[in-house]
Every structure is written in structure tokens, then in C-alpha cells.
Amino acid sequence: MQVFGIGILLTALAAAIQLPLHFDPSYGSKSSSPGQAAAPLTSSTPQLSLSDVSSDQYTISTHERFAGYALRIKRTEWWCDPSVWSWTGYLDVDGGAKHMFFYFFESRRAPAEDPLLMWINGGPGCSASLGLFMELGPCKINDHGNDTIPRIESWNERANVFFLDQPVGVGFSYAEYGETVETTEDAARNVAAFVWLFMETFTEYKGREFHMAGESYGGRYLPVFASEIVDRNKRATSNGLQEINLKSVMIGNGDTDHINMYPSIYKMLCTNASLPPVLSIGECVRMKRALPRCMQMATASCVDILDELACQAAQRVCSAELEQPFFTSKINSYDMSKPCEGYGSAPEMLCYSYTARIGKYLNMNSTRKLLGVDDEVTHFSACSFEVGALFERRMDRYAPGSYFIAGLLERGVSVLIYVGVYDAICNFIANRELTERLEWHGKEAYNAEPTRPWFVDGEPAGITKGWKGLTYANVAGAGHMVPYDKPVQALAMLNRWLENRTL
Ligand SMILES: *[C@@H]1O[C@H](CO)[C@@H](O)[C@H](O)[C@H]1NC(C)=O
Ligand SMILES: *[C@@H]1O[C@H](CO)[C@@H](O)[C@H](O)[C@H]1NC(C)=O
Ligand SMILES: *[C@@H]1O[C@H](CO)[C@@H](O)[C@H](O)[C@H]1NC(C)=O
């Protein structure tokens, strides 16, 4: 989920420089059991089995290779998907100043063999619980917003899946001492630490196939997060750690190469590329004329050289001319086939009334207690506008994500770019062009491949093409949140991808 146009909605907050804190030796003794009922179980041996984890208090695990980090985890019994084991917890990083919340669900098929998959949402600033409850997790929220109901087409059908609220300040994740994370590169260090600590602690997952998935601003996050893991893998063995067996990155409706999305927005809104044009001819002409100026300003100050002030000015021009006409149209920018629910009255609803259920459910005291949410998080919001504003202020969006994707492909990490065709902003045109422009050894072979339809249960599900590690797939009839709109097709796509088959 993407908070768009945030740059013009919010005043920027002060930037802070990220410095790792010193490890506080008293930190490990902090009592952190949910409800503070009993002293937490502490394990300093990294070999902890998930089946040993308690359900009524946190089990805390530290690791000698990660001074200043701890993993707190508890089992969530009879919740969400009672057919599997599930856990929630926090990774406490950077000397205990930052706390990253996660949900973890075992695979419904063969947890001991199936791969491990991480899911994150975008924003920047949106919680992975949107993906969990709205799109692809093992349960949904009922109409009353007070309980969960199982989801059949969940991505834990054949993968062990964790949902990570990141960076700190998002969902149930939080920071203390005024710490913030404001760039994807900073966020990557915390995510890589999370992945390693998880694997080193729960040794049943060591060396397991690992896939990193997400959507929207995840298209900016994931290539950098995966690159951080690939680069750290080189040093892992000499540091006494096992390499992460990273197999692939899956990006849904990504915002990966932001500047190159601008021309595609015009095509989405003013041509018949997906649906008939939605804006007036007058608005479209205005957009078309503003486009060269937007591209020129943004290229010069956001990409060629990052000049934050000039880039912010460019972004204001691009946003006002290319995005605003559409945002005032009351159409759902995530799905042009639908109206924007809550338009004008509830921006936090993100054009879907469903998101209100999630907020209601996650703000119930009984839910917080069940999940073990720390008291420091007083309120759950689906998206943090503060975190979004910090990233906007640093112009994080404009980094060249395609360079990271090319780097991953050159090192054998596969990449799936999938896109619902009704999404106006993070659209299929920009994402298809991204795959064609990528500079990697397979560029010519990939571009020479024909596109073809892919099918689910004999019905066309979209258009795809691929060569070796790179696959592009669009999903017909879907908006930004592909598994929400097309759960059966999305799960079929996932299964084929995890099994290394063509779509
Ligand atoms: C949810 O709300 C409905 C309507 O108020 C109520 O009937 C039901 O018992 C509630 N369920 C739970 C689990 O609280
Ligand atoms: C728009 O595209 C649809 C589907 O490709 C096609 O059926 C329709 O004729 C097109 N409309 C115009 C005006 O070209
Ligand atoms: C939930 O917990 C908070 C903090 O303990 C308390 O102030 C609030 O009254 C509780 N809400 C309900 C509905 O019980």
C-alpha cells in the first residue's frame, strides 16, 4: 500500500543522523513478558526450537554474534489459523532502542521443508498487517472488526511466512530515545539483522530457501534489503554465521524506479492502456505539457545528483501536475475500476473501507494482549504518516532501484515483478518497462522473449514473460493489492514461482 503525494500533504520533519548505540548490558534483563505477569524466559543459547516457545510470556533469545540484539517471541494459540503453529514477537535491535514487530505462521503443508517467505508492505510507513489481514495472510478480519476468520488462499499454503512491521515507527514496531529510520539503506541493516537472528535462533530454518516479498514501496525496499543480505553473505562464514539461502525477490506493483513512473501515469490516466481514459482532455493536455519539465527537473536534482532541496521542488511540480488531477477525481488510485471509499473524509482508510476493520481489530486490548504488543505502542495505525514524511524528506523514493535488481540477477537471485493492471500509479506499464530497461546479462534474451498469457484453472489470468531469473507478470482484473482482488490467481502464481516453474 502506498501513501502517495505525501510530500505535499505533510510538512517535513527534522532529519536525524543514524548512529548505532552502544549496547546497554542491563538491557537483557528488562522484563518484557506480555502483561508483565512472569519473568521472561531467557535463552542465551542460539539453539531454540520454536516448539519450546511459551504462549503466555515472551521467550527471549540473544546471540553472541549480535551484541545489543534480542529476539522476543511468544506462541499465539488458537488464533488466526488454528491449523498451524503461529508466533508473534519483537526483534530488539541497536542496543534495545528499536523494536521490530513480526507475525510468523508455519506452512499448512510441510513446515519442515517448505521455504521461508518474508512479507512487507510499502508506504513508506505502512504495516505488514495490511498484507496479512487484507491480502495474503492465513486470516481475514470479520465484518465487525472484532475477530479473525480463516483465509483459504493464504500464502502459507506452501511457505512459512513472516510479516514484518518495518521500519520502526510502523504498525506495532517502535523506537525509543528519539531514534528514527529515514532511508531504505538504514532500514536494510535492521531487516538483515532480523533475518540472521531469526535463522540463527531457530536453527530448523538455517539454510532454508528464503524469499523476500512485498508490494508498492516494497519495490524500493526489497531490492536493497536483498542486496544487503547478499553482500553480508560474503562475510557470514568468517563471522561464524551461516549464509542466508536467498532465492528470490517478489515485488507486487512496485515503486522501484520512481522517476520513470511519471510518463506511465499519463498513459494510465489518459489513454486506453488499461481502462478507458479517466481524466478530461484538458487535464491530460496539461499533464502532457508538464511531463518534460517534471522529468528534466527530477532527473537533474533527484537522480543525476541528489540535491534534496531541488529534488523536493521537482517533486512538488511533478506531484501537483501529474498526480493531483487524479487524486481529486474520487477514483481509487490503487484500482481505477473502483471509487475511492472514504474519499475526502478518511485518508487513513486508503480508499478501502476494509482497512478500518484491521485498525479496529488491532486496537482491541484483547488483541494486543494476545499478540504481546508492548505498552509503548499506544495506538495502531495502518500507515504512519510520520515515517512516510521522514522518507520523503530524504527523497528516498528517487534512488535507482533497478541497479539493485540488476545486481541481484547477476548473482543468481531471481526476481518476479507482478502487477495488477488497474493500479494507476505503481502501474504495469512502468513495471514492464523497468524489466526491459534492466542492465544485466540477460537483457537481450529477456527482451527477445515473446509475451504470452498465463492461465489459472484454464482461465487467462494475465500476461507474462520471462528469461532465466527474471519474470514479469501482469494480473488481469486486479489493482494494487493483487492477492486481495485475485486471491486464487495470486496463490497459483506464488506456488509456481516457489516451485521454480514458469507461470
Ligand atoms: C463481535 O461483535 C458482534 C456484534 O457486536 C458480536 O455479536 C460478537 O459477539 C462479537 N464477537 C467477539 C468475538 O467479540
Ligand atoms: C480500448 O481497449 C479495449 C480493450 O483493448 C478495446 O476493446 C476498445 O475498443 C478500445 N477503445 C478504443 C476507443 O480504442
Ligand atoms: C485498554 O487498555 C488501556 C490501557 O491499559 C485502558 O486505558 C483502556 O481503558 C482499555 N480499553 C478498554 C476498552 O478496555
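**Figure 1. Alanine 320, a partly exposed residue of a predicted model.** With 14 C-beta neighbours inside 10 Å, alanine 320 counts as partly exposed. The cut-offs are these: a residue is buried if 20 or more other C-beta atoms, placed from the backbone, lie within 10 Å of its own, exposed if 12 or fewer, and partly exposed in between. Alanine 320 belongs to helix H7, residues 308-327. Helices (H or I, at least four residues) and strands (E, at least two) are DSSP runs numbered from the N terminus. Residues are numbered from 1 along each chain as its sequence is written, while chains are lettered from A and ligands numbered from 1 in the order in which they are written.

**Figure 2. The whole chain, for orientation.** The protein chain holds 15 helices and 16 strands. Its radius of gyration, taken over C-alpha atoms, is 22 Å, close to the 23 Å from the globule rule for 503 residues, so the chain is as compact as a globular protein of that length. That rule is 2.2 Å times the number of residues to the power 0.38.

Figure 3. H3 spans residues 184-201, and its 18 residues reach 25 Å from first C-alpha to last. The expected span is 26 Å, from 1.5 Å times one less than the number of residues. Of the 18 residues in H3, 15 are buried.

**Figure 4. Strands E2 and E3, side by side.** E2 (residues 59-62) and E3 (residues 70-75) run antiparallel and are joined by four bridges; strands pair if DSSP finds at least two bridges between them. Look for serine 61, whose bridge partner in E3 is leucine 71. In a regular strand the side chains alternate between the two faces of the sheet. Here Thr59 and Ser61 point one way from E2, Ile60 and Thr62 point the other way, and all are buried.

**Figure 5. Two cis peptide bonds.** Most residues other than glycine have a negative phi, and most peptide bonds are trans. The bond from glycine 123 to proline 124 is cis, with omega near -5°, and proline 124 sits in the loop between strand E6 (116-120) and helix H2 (128-136). Glutamine 166 and proline 167 are also joined by a cis bond, with omega about -5°. Proline 167 lies in the loop between strand E9 (160-164) and strand E10 (174-175).

Figure 6. Cysteine 80 has a phi near 65° and lies in the loop between E3 and strand E4 (86-93). Cysteine 80 is buried, as 24 other C-beta atoms lie within 10 Å. Asparagine 500 also has a phi near 65°, in the segment after helix H15 (487-498). Asparagine 500 is exposed, with 10 other C-beta atoms within 10 Å.

Conventions:
Predicted model: local features only at pLDDT ≥ 70, side-chain atom pairs only at ≥ 80, totals over all residues.
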